[in-house]
Amino acid sequence: MIDRLNDLLKGAGLFVRGGFHVVPADDMPLLSDGGTAVSVLLIGNAGGDMWEAFEAQADRQRRNPLDSWLRPEIERVAAEVDAMPVFPNDGPPFVPVQDWAARAEPVYRSPIGIMIHPEFGLWHVYRAALLFRDRIELPPRLAAPSPCDTCVKKPCLTVCPADAFRPDSFDARACSSHVESAAGINCRERGCLARRACPVGRDYLYEQDQQAFHTTAMLAAVKSGYGLD
Ligand code: B12
Ligand code: SF4
Ligand code: SF4
C-alpha cells in the first residue's frame with residue numbers, strides 16, 4: 001500500500017509521511033458511509049518537490065491555485081486506494097493534524113509552533129490524512145529525538161521583528177502587520193525569518209518564489225480571519 005501510494009503521489013511531489021491506528025479517544029471524522037476509520041496515513045511534502053510539480057502543472061490564474069490543483073490530485077489518489085481524504089486546512093473546526101503527525105513520524109512541536117522533523121527541519125507540510133475503513137500495514141515509525149532538544153541558541157526565537165511568538169501561541173496579526181509594512185520586505189519576499197533561522201533541514205529550504213507564494217497566502221488568510229479568534 002505505501003509503495004503504491006508513493007507511486008501515485010510522486011507526480012505531485014507528495015509522499016506518505018507515516019500513519020497510525022485509530023484509538024477510541026480519537027475524535028476522528030466519520031467515513032462517508034458513516035463508518036469509523038481504523039487506520040490513517042498522512043501525506044505531505046518536504047522541500048521543493050511539490051512546488052516544482054505545481055509550477056509545471058497548475059493553472060496559476062485560478063483562485064487558490066495551489067489548492068485548486070492539489071485537492072483533485074489527492075482525491076483521485078484516495079479513490080484509487082479506497083480511502084477518504086481529510087484536509088488539514090479545511091475548517092474551523094480543524095483536525096489536529098500536528099498531533100496526528102507526532103503519532104505518525106518523529107516530528108515535534110518546535111518553539112515556533114511548526115512541527116520540526118529531524119531531516120526536513122521546518123520545511124514540510126501535511127496535505128491530507130487518508131482514512132481507511134480496514135486496518136492497513138503502517139510504515140515503521142523511525143526513532144529520532146527532536147533537534148530542538150540540543151539546539152542551545154534557539155535562533156528561531158530571537159529573530160522575529162514582530163515578536164510574534166508567545167510561549168504557547170502565535171500572534172498572527174502582529175506577524176502580518178509587520179510583513180505587510182515596508183520594514184517587512186525580508187519576510188514578505190524571502191519567507192519567515194524565524195523559520196529560516198533554523199539550522200536543521202537546510203537542504204529542504206524553500207526557494208524564494210515558493211516562500212513568497214506561501215507568505216502571500218498567509219497574509220490573505222490572516223486578513224480573512226481564517227483560524228483566528
Ligand atoms: C489556522 C492556521 C494558521 C493561521 C493561524 C494560526 C495560529 N493562530 O496559530 C495562519 C494563517 C496565521 C497560519 C500561519 C502559518 N501556518 Co498554519 N495552520 C493553521 C491550521 C489550518 C489550523 C491551526 C489551528 O488552529 N488548529 C486548531 C488545533 C487543532 O490546533 P493546536 O494543535 O492546538 O495548535 C495550533 C495553535 O494552537 C498553535 N500552537 C499550539 N501549540 C503551540 C505552541 C507554540 C509555542 C506556538 C508558537 C504555537 C502553538 O499552533 C497550531 C497551529 O497554529 C493548521 C492545520 C491544522 N489542522 O492544525 C495549519 C498549520 C499549523 N500551519 C502550517 C504552516 C506551515 C503555517 C505557516 C508556516 C504558513 C506560511 N508559510 O506562512 C504559517 C506559520 C505560523 C506559525 N509560525 O505558527 C502547517 C504546519 C506544518 C508543520 N510542519 O507543523 C499546518 C499544520 C498546516 C498543514 N497543512 O500542515 N496557520
Ligand atoms: S532553531 Fe533550534 S530550537 Fe528553533 S526550531 Fe530550529 S532546532 Fe528547534
Ligand atoms: S514572517 Fe516575519 S514577522 Fe512573521 S513570524 Fe516570521 S519572522 Fe516574525
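Guide: Start with a rule for helix pairs. An angle of 65 to 115 degrees between two axes counts as roughly perpendicular. Keep that in mind as we look at this predicted model.

Visitor: At what angle do the axes of α2 and α3 cross?

Guide: Find helix α2, residues 49-57, and helix α3, residues 65-80. Their axes cross at roughly 100 degrees and come within 11 Å. That angle falls in the range of 65 to 115 degrees, so α2 and α3 are roughly perpendicular to each other.

Visitor: Which residues of α2 and α3 meet?

Guide: On the α2 side, look for Met50, Ala53, Phe54 and Gln57. They meet Pro65, Leu66, Trp69 and Leu70 of α3. Sort the residues of this contact by type: 7 are nonpolar, 1 is polar and none is charged.

Visitor: How do α2 and α8 cross?

Guide: Helix α8 covers residues 208-223. The axes of α2 and α8 come within 10 Å, and the crossing is roughly 85 degrees. Apply the rule again: α2 and α8 are therefore roughly perpendicular to each other.

Visitor: Which residues make the contact of α2 and α8?

Guide: α2 brings Trp51, Phe54 and Glu55. α8 brings Asp209, Gln210 and Phe213. By type, the contact of α2 with α8 has 3 nonpolar, 1 polar and 2 charged residues.

Visitor: Let's step back. What domains does the domain assignment give?

Guide: Domain 1 runs over 2-145, and domain 2 over 148-223. Their C-alpha centres lie 23 Å apart. Domain 1 puts 25 residues into the contact, and domain 2 puts in 20 residues.

Visitor: What area is buried between domain 1 and domain 2?

Guide: The general idea comes before the number. The size of an interface is often given as the accessible area lost when the parts come together. Here the area buried between the two domains is about 2,000 Å². Carbon and sulfur atoms give 72% of it. Trp51, Ile112 and Trp123 supply 42% of what domain 1 buries against domain 2, more than any other three residues.

Visitor: Now the ligand. Which residues surround ligand 3?

Guide: The shell includes Cys160, Cys175, His178, Cys187 and Cys192. Phe165 and Phe170 are also among its residues. By type, 11 residues of the shell are nonpolar, 1 is polar and none is charged.

Visitor: Which helix gives the most to the shell around ligand 3?

Guide: α5 does, with 3 residues. Both α5 (172-180) and α7 (193-196) supply at least two residues.

Visitor: Next, the backbone. Where are the cis peptide bonds?

Guide: Most residues other than glycine have a negative phi, and most peptide bonds are trans. Now the exceptions here. Gly91 and Pro92 are joined by a cis bond, with omega about 0 degrees. The bond from Pro92 to Pro93 is also cis, with omega near 0 degrees. Pro92 sits in the loop between β3 (84-86) and α4 (97-104). Pro93 is found in the loop between β3 and α4 too.

Visitor: Which residue has a positive phi although it is not a glycine?

Guide: Lys154, at about 45 degrees. Look for Lys154 in the loop between β6 (124-132) and β7 (165-166).

Notes. Residues are numbered from 1 along each chain as its sequence is written. Chains are lettered from A and ligands numbered from 1 in the order in which they are written. This is a predicted model: local features need pLDDT of at least 70, side-chain atom pairs count only at pLDDT 80 or more; totals for chains, interfaces and linings use all residues. Side-chain values use heavy atoms; hydrogens and water are left out. A residue is near a molecule or strand if one of its heavy atoms lies within 4 Å of it. Helices (H or I, at least four residues) and strands (E, at least two) are DSSP runs, numbered from the N terminus. Ala, Val, Leu, Ile, Met, Phe, Trp, Tyr, Cys and Pro count as nonpolar, Asp, Glu, Lys and Arg as charged, and the others, Gly among them, as polar. Axes are lines fitted to C-alpha atoms, for helices over the stretch in contact, and angles run from 0 to 180 degrees between N-to-C directions. Angles under 35 degrees count as roughly parallel, over 145 as roughly antiparallel, 65 to 115 as roughly perpendicular and the rest as oblique. Contact means heavy atoms within 4.5 Å. Domain bounds come from an automatic or database domain assignment. Buried area is the accessible area (1.4 Å probe) that two parts lose on being put together, summed over both.
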